[in-house]
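Please read the following points with the chain in view.

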Amino acid sequence: METKAPIAAPVRHDVSLLSADDLYLFNEGRNYRAYRHLGAHPATFNGESGTCFSVWAPNARKVSVIGSFNNWNQNTHKLEPRGSSGIWEGFIPGVGKGSLYKFRIVSHSHGHVGEKADPFGVYHEQPPRTASVVWDLNYQWADQEWMKTRGSRQSLHSPISIYELHLGSWMRMPEEGNRSLTYREAAPQLAEYAERMKFTHIELLPIMEHPFYASWGYQTTGYFAPTSRYGTPQDFMYFVDYLHQHGIGVILDWVPSHFPSDAHGLAYFDGTHLFEHADWRSGFHPDWNTYIYNYGRNEVRSFLMSSAMFWLDEFHADGLRVDAVASMLYLDYSRREGEWIPNKYGGRENLDAIEFLRQLNHEAYSEHPDIQTYAEESTAWPMVSRPTYVGGLGFGMKWDMGWMHDTLAYFSHDPIHRQFHHHLLTFRMLYGFSENFVLPLSHDEVVHGKGSLVGKMPGDEWQKFANLRLLYGYMFAQPGKKLLFMGDEFGQVREWGHDMSLEWHVLQFGVHKGVQNWVEQLNRLYQSEPALYELDNEPEGFEWVDCNDTGASVISLLRKGKKPEDTILVVCNFTPVPRDGYRIGVPFGGFWREILNSDALEYGGSGMGNLGGKEADAVSTHGRPYSLSLSLPPLGIEFFRR
């Protein structure tokens, strides 16, 4: 027979964590640390231990806390409203860490009743269970050295190479029912791997609590809670801490653009459209069947701003990658005529969302000047990564989705046809310095039937892997920071699946091991050569040597650092035809050493190269006083340094 829990003591309303200023700023949309007061907080008042509960539900007629401490009884622990703030609160003695709870909200609107998880909850039951858990955030950090130096490690003039991953499927335990690793299990393995592969950062697909595992975290319900699938909040702190101690930055994917319709979540929270717009033309996302935040509502801005600051403050996140920014900026995003409401000027720009994003970036950089924010923005919206004081959105960097799309489209063509699509490679440099770009080869390109990256490449197996190495080399040669999704670094053949581990077993085969070695060496070269990162976002750091040899599908370019002697020459042959005696103009005489070649045997290539380098001839070519007569390997890329 089930034993009922003892009923906790009655609610006390004479104590509070919320000051008048906290309430005022929350209602004004300027309480950026609301997580410190709202939600559930274990506390002690006059020697009496318990938990302070508070929730924003302005249209509620009655709010009570139900949970494991009162047998989910709606009448036992009722909260009281704080003036006209819309916030209900109360202190329940005897309720401590580990107690399960929800807010039961009876609305003024049609008597609607909802049992909601805590929007500010820092820990929730493991899905499919939906209750929140009373918890604290006590943790002793040991990453002081990283925190002191991270500003120099992730500035616009630093090498940033990001390993994007989904924690639940990166590496699994087949001997234990194919379960995912916990935060504490993953930390040492991931840190060792990222260190060995020379990635500077990892980026996690949304780690925030989400009920539907197959959403990969992009349908978030717990904006203040790491998912309990892999452990407690302290376990995730340990994860970040461990990576920091091993010199690896941690970027978190964050989704302020939409939220799911799950009954325990934010949707129709107090019997009204509280967090979302009431009109479906503004408040419902047709692509994802999710709700869109009402950024014009002050308290919603306080909520979202507090979430962003929470991960930076409490979990030492080194950056936030903001998902689906384009869907926030445009009122007509993915909508037909008549399915959207113009702004007050008759335009399609979402003025409230624009102001929110500027507010977000201003506050994030004001409080944490050594972090970065990244915009996943897929349109030509101007000045995404420009400061707010000149009219920009204020992001540190922007994903170059156009580069990803164009480059993969080019590589998907058979080499014999590439001469007719040469512009897909060269177009980027017409806009290449309009933003601070990250070049992503992200999870978006290996899901939903798109196959793997190596699967997109034409030709036989050798050519597919040569193309893949060439693609990665070309990414590292281009101005912009780098991002690669897990599994791509060793040429996973199967499309990524969230329910299974990566294909680690394929590393027993030479072609896969070769790609992995190549990515490691690209990362090493990238971080050791200032020309490849110092002037990433400035035109002075890049120069075409020849981008017009469409017939041969050969491209050559210079990457330049602050010192002329750091100049790197890069030559790409996008066909399987080896080319001997190919002459390339260079700015300096002397010996040019071949420092990296994707066709080397250790990467799975054919071994064609230039025997370590070439002496420059005093033969003017491509408008330069000297030139090199090079051997260009098939489907290969070569890096030279004087």
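**Notes on packing**

1. Leaving aside residues up to four places away in sequence, Tyr-472 touches Leu-441, Leu-453, Leu-484, Asp-488, Glu-489, Val-515, Trp-518, Val-519 and Leu-522, where contact means heavy atoms within 4.5 Å.

2. A word on the basis of these notes. The model is predicted, so local features need pLDDT of at least 70 and side-chain atom pairs count only at pLDDT 80 or more, whereas totals for chains, interfaces and linings use all residues. Residues are numbered from 1 along each chain as its sequence is written, and side-chain values use heavy atoms, with hydrogens and water left out.

3. Tyr-472 also belongs to the largest nonpolar core, which has 176 residues and in which Phe-53, Tyr-163, Ile-202, Phe-239, Tyr-472 and Phe-639 touch the most other members. A nonpolar core is a set of buried Ala, Val, Leu, Ile, Met, Phe, Trp, Tyr and Cys residues joined through side-chain atoms within 4.5 Å; buried means under 20% relative accessible area, with a 1.4 Å probe and protein chains only. A second, separate core of 15 residues includes Val-554, Leu-569, Ala-616 and Phe-640.

4. Helix α1 (residues 20-28) and helix α7 (residues 298-314) have axes that come within 6 Å and cross at roughly 105 degrees, and the two are therefore roughly perpendicular to each other (a term for angles of 65 to 115 degrees). On the α1 side the contact is made by Leu-25, Phe-26, Asn-27 and Glu-28, and on the α7 side by Asn-298, Glu-299, Arg-301, Ser-302 and Phe-303.

5. Aromatic pairs number 52, counting rings of Phe, Tyr and Trp (its six-membered ring) whose centres lie within 6.5 Å, with planes under 30 degrees apart called stacked, over 60 edge-to-face and the rest tilted. The ring centres of Phe-53 and Tyr-101 are 5.1 Å apart and their planes stand at 65 degrees, so this pair is edge-to-face. Because Phe-53 lies in strand β2 (residues 48-56) and Tyr-101 in strand β6 (residues 100-107), the pair ties together parts that are 48 residues apart in sequence. Phe-53 is buried, at a relative accessible area of 1%, and Tyr-101 counts as buried at 1% as well.

6. For Phe-490 and Trp-504, the ring centres are 5.1 Å apart and the planes are at 40 degrees, so the pair is tilted. Both residues sit in the loop between β22 (481-485) and α14 (510-528), 14 residues apart. Phe-490 counts as buried at 0% relative accessibility, and Trp-504 is buried with a relative accessible area of 19%.

Terms used
Buried < 20%, exposed > 50% of the residue type's maximum accessible area, 1.4 Å probe, protein only. Axes fitted to C-alpha atoms, helices over the stretch in contact; angles between N-to-C directions. Helix = DSSP H or I, 4+ residues; strand = E, 2+ residues; numbered from the N terminus. Parallel < 35°, antiparallel > 145°, perpendicular 65-115°, else oblique.
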